[in-house]
Amino acid sequence: MTLASTARGRDRLRIAIQKNGRLGEPARALLASAGLAWCESRDKLFCHGESLPVDLLLVRDDDIPGLIADGVCDLGIVGRNVLLEQAGEREEARRPASSREWRALGFGGCRLSLAVPEAWDWQGTAQLAGKRIATTYPNQLRAWLRAQDVQADVVVLSGSVEIAPRLGQADLICDLVSSGATLAANQLKPVVDILYSEAVLAGPVQPIGDARAELADLLLRRIDGVLRIRDSKLLLFHTARDALERVMQLLPDAEPPTMCVVDGSETLALQALCHGAMTWQRLEDLKRAGARGLMVLPVERMLA
Ligand code: ATP
Ligand code: ZN
């Protein structure tokens, strides 16, 4: 096996994921839920797929769009922020897009935000004119500034953006924010979000054209199945026929339930797949509305 082999002549699918960092573990967990299992190589760069001919390449997140563009990998799991930044870079260089988002995966959520020193009295984007903004996301920031019709200086840094205002390198920053704790620790406050990001499955712009297309399709269907039931639960309960409407009003996130009649005709037994969180509060509300014998069961797999 040689990692230098590109798409041509490869019959196994190759997926790039982050080796460490925030997305590495959840990406593996997602792929494992989709039925993939691997044998890890000693250098921990390459994992040979054992259950399906799908291998993993463990890399830095920033390398993933490029690996797809070069055909070294077929798919990748990466933050939308990274994918769009590299797409922006290609656009600036007038090179055609080479990878795109295939699916949003629902983890690694964060925002690319502008953050200003806490003492600033923020009044709106016009205030940015002539200011220096430090970022590691220059392409997205420039595109956003153009769309706002604001002229500001983009100061490109390779890391530790949040200390740039204190070091006098910039007036404000444009960086990823999730809880906001890092900003607060640096006496900064977020004022505008320019992108909502999460982990995405990235793939080539052109459909995969050979035997690997079937594998990619299979994987995609399984991932869709995993995503669909991620927060889903199977709810079992009984209810009197005349309370049914009241109970179902409390389950707007449920698929049409399966029902059968018990005890002659007045009591119904139901099972419903519910997509939202099934909290104690919800169960108590359902009970008050007339549901009895409520049982919440985990859903492990689903194939539509
Ligand atoms: P690598 O060593 O692979 O280059 P990294 O340090 O660039 O890792 P991480 O900090 O692990 O990257 O972040 C990976 C991705 O996690 C980000 O690109 C982003 O999509 C997402 N993410 C979620 N929340 C945050 C956050 N608060 N700060 C940074 N990234 C976040
Ligand atoms: Zn990185």
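# Helix packing and ligand contacts

Modeller: In this predicted model, helix H3 meets helix H4 through Asn81, Leu84, Glu85, Gly88, Glu89 and Glu92 on the H3 side, with Pro138, Asn139, Gln140 and Arg146 on the H4 side.

Colleague: What makes up that contact by residue class?

Modeller: The contact of H3 with H4 has two nonpolar, four polar and four charged residues. Gly is counted as polar, so Gly88 of H3 falls in the polar group.

Colleague: At what angle do the axes of H3 and H4 cross?

Modeller: The axes of H3 (residues 80-92) and H4 (residues 138-148) cross at roughly 75° and come within 7 Å.

Colleague: Why is H3 called roughly perpendicular to H4?

Modeller: Angles of 65 to 115 degrees count as roughly perpendicular. The crossing is roughly 75°, so H3 is roughly perpendicular to H4.

Colleague: What describes the packing of H1 and H7?

Modeller: Helix H1 (residues 21-33) and helix H7 (residues 212-228) have axes 9 Å apart, at an angle of about 105°. This angle also lies in the range 65 to 115, so H1 is roughly perpendicular to H7. Leu30, Leu31 and Ser33 of H1 make the contact with Ile223, Val226 and Leu227 of H7.

Colleague: Which classes of residue form the contact of H1 with H7?

Modeller: Five are nonpolar, one is polar and none is charged.

Colleague: Which residues come nearest to ligand 1?

Modeller: Of the 15 residues around ligand 1, these are Gln18, Arg22, Arg60, Asn81 and Ser178. Asn81 is also one of the H3 residues that meet H4.

Colleague: What does UniProt list for residues 60-211?

Modeller: An unreviewed entry gives "domain: ATP phosphoribosyltransferase catalytic" for that span. Residues 60-211 are 26% helix and 32% strand, with end C-alpha atoms 28 Å apart.

Definitions and conventions:
Residues numbered from 1 in each chain as written. Chains lettered and ligands numbered in written order. Predicted model: local features only at pLDDT ≥ 70, side-chain atom pairs only at ≥ 80, totals over all residues. Heavy atoms only, no water. Axes fitted to C-alpha atoms, helices over the stretch in contact; angles between N-to-C directions. Helix = DSSP H or I, 4+ residues; strand = E, 2+ residues; numbered from the N terminus. Parallel < 35°, antiparallel > 145°, perpendicular 65-115°, else oblique. Contact = heavy atoms within 4.5 Å. Near = heavy atom within 4 Å. UniProt positions renumbered as here; feature names shortened; annotations may be inferred.
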